[in-house]
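Hi,

Here is the structure I said I would pass on. Have a look at it first, and my notes follow below.

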Amino acid sequence: MAEPILYCVEAPDGVEVPWTGIKPNIQSPDFDQGNFDRIVRFEDTLECLRTDKGDPAGIVQHPIVIWKEANLNTPHFKEVCHRRLLIPKVQFFFFHSLTGDTQLVNFLTIELEKALILTSKVILFDTSETHNPAQGVHSKNKGRPYIEEVVFSAQVIRWKYKRDADPCSADHGSELIVP
């Protein structure tokens with residue numbers, strides 16, 4: 001089972017609805033307090049384009065897509081999208097647990113700078129299926145949360161990887177500046 005993915009947002013100036021994270025409730029000393037939110041699904045696609053002859057022709061960074069539960073941050077994303085505001089920074093934190101350890105370690109961080117929300121939509125799972133536990137009929141979608149899909153583009157994308165649990169060890173990574 002995959003470990004949680006957390007994210008946090010540095011809200012743009014002038015928003016009426018502030019971004020408010022939650023306490024993530026995970027076992028990691030760097031993330032046990034603070035304003036984070038959880039991601040249900042994450043997509044990041046970087047594509048190397050080739051010519052007909054197979055030579056490199058360029059790089060395409062596709063928009064980053066997240067699914068999160070619709071919650072108190074949904075109105076913030078709607079306002080930022082509607083007003084076309086640039087978000088100074090969005091950070092995504094990926095975790096794994098070391099063998100035999102219950103404490104989670106942040107091993108990968110993806111940072112977006114000057115991010116723009118391209119779309120924000122709320123997804124409702126099909127709840128029209130019959131759900132009657134007394135008769136043994138269970139809908140797989142009953143009780144599932146509403147999901148918000150948020151699609152980001154950014155002027156700068158940074159991928160940072162930490163090789164071990166030592167918080168003093170150096171990050172290794174790369175940066176893409178999108179023209």
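Let me start with His82, which is exposed, with a relative accessible area of 68% (exposed means over 50%, buried under 20%, and partly exposed in between, using a 1.4 Å probe and protein chains only). His82 sits in helix 1, where helices are DSSP runs of H or I with at least four residues, strands are runs of E with at least two, and both are numbered from the N terminus.

Before going on, some ground rules. This is a predicted model, so local features need pLDDT of at least 70 and side-chain atom pairs count only at pLDDT 80 or more, while totals for chains, interfaces and linings use all residues. Residues are numbered from 1 along each chain as its sequence is written, and side-chain values use heavy atoms, with hydrogens and water left out.

On confidence: pLDDT is the predictor's confidence in each residue, from 0 to 100. The mean for the protein is 81, with 77% of the residues at 70 or more.

The overall layout is one helix and 10 strands, running β-β-β-β-β-β-α-β-β-β-β along the sequence. Of the 179 residues, 37% count as buried. Contact here means heavy atoms within 4.5 Å; of the contacts with a separation of 6 or more, 64% are between residues 24 or more positions apart.

Back to helix 1. Although His82 is exposed, the helix also has buried residues, namely Thr74, His76, Phe77, Glu79, Val80 and Cys81. What covers them includes strands 1, 6, 7, 8 and 9. After the helix comes Arg84, with a positive phi near 55 degrees, even though Arg84 is not a glycine. Arg84 lies in the loop between helix 1 and strand 7 and is partly exposed, at 48% relative accessible area. Lys114 is another non-glycine residue with a positive phi near 55 degrees, but Lys114 is found in strand 8. Lys114 is partly exposed as well, at 46%.

Now the inside. A nonpolar core is a set of buried Ala, Val, Leu, Ile, Met, Phe, Trp, Tyr and Cys residues joined through side-chain atoms within 4.5 Å. The largest one has 34 residues, and those with the most contacts inside it are Phe42, Ile66, Phe92, Ile110, Leu112 and Phe152. Two or more residues each come from strand 1 (5-10), strand 6 (64-69), helix 1 (74-82), strand 7 (87-97), strand 8 (104-123) and strand 9 (147-162). Strand 7 gives the largest share, six residues. For a sense of the packing, take Phe92: leaving out residues up to four places away in sequence, Phe92 touches Leu6, Tyr7, Ile39, Phe42, Ile64, Ile66, Leu108, Thr109, Ile110, Leu112 and Phe152.

Rings of Phe, Tyr and Trp (its six-membered ring) pair if their centres lie within 6.5 Å, and planes under 30 degrees apart count as stacked, over 60 as edge-to-face and the rest as tilted. That rule gives nine aromatic pairs. One of them is Phe42 with Phe94, edge-to-face at 5.1 Å centre to centre and 90 degrees between the planes. The pair joins distant parts of the chain, with Phe42 in strand 3 (residues 41-43) and Phe94 in strand 7, 52 residues apart. Both count as buried, Phe42 at 18% relative accessible area and Phe94 at 12%. Ring pairs also link Tyr7, Trp19, Phe42, Phe77, Phe92, Phe94 and Phe152 into a cluster.

Which residue lies over the face of Trp67? That is Arg41, at 4.8 Å from the ring centre; the rule asks for NZ of Lys or CZ of Arg within 6 Å of the ring centre and within 35 degrees of the ring normal.

Last, Glu111 in strand 8, which is buried at 5% relative accessible area. Its side chain makes polar contacts with the side chains of Gln91, at 3.0 Å, and Lys160, at 3.0 Å. (A polar contact is a pair of N or O atoms within 3.5 Å; within protein, one must be able to donate a hydrogen and the other to accept it, and residues adjacent in sequence count only if both atoms are side-chain atoms.)

Cheers
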